[in-house]
Amino acid sequence: MGERLRDKVAIVTGASRGIGAAIATHMAEEGAKVVLVSRKLEGLQAVADEIRAQGGEAIPIACHAGRADQRQDMLDQALKAYGQVDVLVNNAATNPHFGPMLSIDERAWDKTFEVNVKGYFGMIQLVAGHLQQRKAKGSIVNVASVAGKMAAPMQGVYGMTKAAVISMTKTLAMELGAAGIRVNAIAPGLIETKFAQVLVDNDAIRSSVVARTAAGRVGQPRDISGGAVFLASDESDYLTGDVMTIDGGWTLA
Ligand SMILES: NC(=O)c1ccc[n+]([C@@H]2O[C@H](COP(=O)([O-])OP(=O)(O)OC[C@H]3O[C@@H](n4cnc5c(N)ncnc54)[C@H](OP(=O)(O)O)[C@@H]3O)[C@@H](O)[C@H]2O)c1
């Protein structure tokens, strides 16, 4: 067990699998008490059990990140359990539409924005409010995507929400800097998770990404978690408003 996040409490959304589970586990390994959030308790419970088995601390809390009342209830439960929150990792996102941008229907559009933009923003409002009330420093890490930095054919509206996350990150970094609250983003490339399964399992897509990736492979969730630990820790005290691209060099050229 490391100590880079000792005495810190971190909320990680989308922590039941994939990138969120890797970030939560890595943070617990560095001494953080971790609040695991997603819609379904079952998956969270399994991650919490694993963290505890390795000597870490974690509690699972079911919460739909796009629903304001559930977000507030989640923060109340987190504060009841651990008394404070120092780190927020906004990671839970959705992409219900895979196809040309103009073919998306309104329901899918609303869902994408509800979770990926309103959800991230609402979580930050709550946690930043709590930090300001405590007059405490804090770190917010928004998991964006390389799809927010460039054209995202077949995932256009998802890409728009990720561009919005990057914009939100930069503005809030400026507005919250004086209060000692840092706001950074991570833009992952193609990472092997359930979310990206259609892309990773498609031989043509996978090999075209790998061919253009300096690292010569698709990423794994653990490839992202080290960056999140760094951004959450005091080691990155002078870093805010940044977008850390972790894509094995896919988008270099
Ligand atoms: N995988 C990639 O290639 C890739 C690339 C770039 C960026 N990203 C970003 O990385 C993040 C994590 O993606 P992933 O690949 O790890 O996905 P994943 O394996 O599908 O995991 C998604 C997580 O989010 C939770 N979730 C989904 N909707 C939610 C909601 N409305 N409220 C609360 N929790 C919700 C899921 O649990 P429940 O079902 O229990 O809610 C699950 O824990 C996302 O922000 C995604 O955009 C991924």
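This is a predicted model: local features need pLDDT of at least 70, side-chain atom pairs count only at pLDDT 80 or more; totals for chains, interfaces and linings use all residues.
**Exercise 1. Compare the span of α3 with the expected value.**

Solution. 
- Take the limits: α3 runs over residues 68–82, which gives 15 residues.
- Take the span: the first and last C-alpha atoms are 21 Å apart.
- Compare: at 1.5 Å a residue, 21 Å is expected, and the span of α3 is close to that.
- Look past the end: G83 follows α3, and its phi is positive, near 80°.

**Exercise 2. Which residues of α3 are buried, and why do they lie on the same side?**

Solution. 
- Apply the cut-off: a buried residue has 20 or more other C-beta atoms within 10 Å of its own.
- List the buried residues of α3: R71, M74, L75 and A78.
- Check their directions: they cover an arc of only 100° around the axis, so they fall on the same side of α3.
- Turn to the other side: D69, D76 and K80 are exposed there.
- Find the partners: the buried residues of α3 pack against strands β1 (9–13), β2 (33–38) and β3 (57–62), and against helix α4 (106–134).

**Exercise 3. Describe how α3 packs with α4.**

Solution. 
- Start with geometry: the angle is about 35°, and the axes are 10 Å apart.
- Assign the hand: the crossing of α3 and α4 is right-handed.
- Name the contact residues: α3 brings A68, R71, Q72 and L75, which meet G122, M123, L126 and H130 of α4.
- Sort them by type: the contact has four nonpolar, three polar and one charged residue.
- Link back to Exercise 2: R71 and L75 are among the buried residues of α3, and both take part in the contact with α4.

Notes. Residues are numbered from 1 along each chain as its sequence is written. Helices (H or I, at least four residues) and strands (E, at least two) are DSSP runs, numbered from the N terminus. The expected span of a helix is 1.5 Å times one less than its number of residues. A residue is buried if 20 or more other C-beta atoms lie within 10 Å of its own, exposed if 12 or fewer, and partly exposed in between; C-beta atoms are placed from the backbone. The arc is that of the directions from the helix axis to the C-beta atoms. Two residues are in contact if their C-beta atoms, placed from the backbone, lie within 7 Å. Axes are lines fitted to C-alpha atoms, for helices over the stretch in contact, and angles run from 0 to 180 degrees between N-to-C directions. A crossing is left-handed if the near helix is turned anticlockwise from the far one by less than a right angle, and right-handed if clockwise. Ala, Val, Leu, Ile, Met, Phe, Trp, Tyr, Cys and Pro count as nonpolar, Asp, Glu, Lys and Arg as charged, and the others, Gly among them, as polar.
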